[in-house]
Amino acid sequence: MIWISFMLTCILSAQGWETVTRDGTKYPLDFSTYSLYISTDSENGSGDELGVNMYKRGGDNDGRVIIYFNSKWTVFDSCSRFSYPTNIPGERNKIWKISRTATHVSISCNGVEVYKKSVAGSCSNFKDLDVDIMFDSSSDTASDRFTTGGQCTAKGRDWEQ
């Protein structure tokens, strides 16, 4: 466990990681090129939440992802879909990767894909890939740091963008 914490600490101190702010600041992100990586150290059952809002350039809402650290892991996307993944890695320190394509939203945790949903069809959100992201001031209590580019390496594995 000490080794894992050390590795994640080393990664998080790397250039490009920023401290999460919940003051309405929007950060540009082009999902066609990059993914969003978020570090947390909340335990399941803590009641914490990871909440990220996405906006089209110009201001209109383009989607939302919330991960609930409840007694049962819950993932919500703004297409009104809930998922209860059971394959969340057990380590307390986690790096979440949120990726989007024109047809899918996927979430990985410590290199393990835990959520993937199609956004084609009736869902009007998640259509733009070049967006602004904002950490939700009313619900996000779990996010510590984030980055939107490069590679993320931990436990001897390279995680793709």
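The model is predicted, so local features need pLDDT of at least 70 and side-chain atom pairs count only at pLDDT 80 or more, whereas totals for chains, interfaces and linings use all residues. Residues are numbered from 1 along each chain as its sequence is written, and side-chain values use heavy atoms, with hydrogens and water left out.

User: Why is alanine 102 called exposed?
Analyst: Exposed means over 50% relative accessible area, buried under 20% and partly exposed in between, with a 1.4 Å probe and protein chains only; alanine 102 has 52% relative accessibility and therefore counts as exposed. Alanine 102 lies in the loop between S8 and S9, strands being DSSP runs of E with at least two residues, numbered from the N terminus.

User: What is alanine 102 in contact with, leaving aside its neighbours within four places in sequence?
Analyst: Contact means heavy atoms within 4.5 Å, and with those neighbours left aside alanine 102 is in contact with Val119 and Leu129.

User: How do you know that S5 and strand S6 pair?
Analyst: Two strands pair if DSSP finds at least two bridges between them; S5 and strand S6 (residues 74–77) have four bridges, in the antiparallel sense, so they meet the definition. The bridge partner of tyrosine 68 in S6 is threonine 74.

User: What makes S2 and strand S7 the edges of the sheet?
Analyst: The open sheet of six strands runs in the order S2-S11-S4-S5-S6-S7, with antiparallel pairing. S2 and strand S7 (81–83) each have a single partner strand, so one side of each is left without a neighbour in the sheet.
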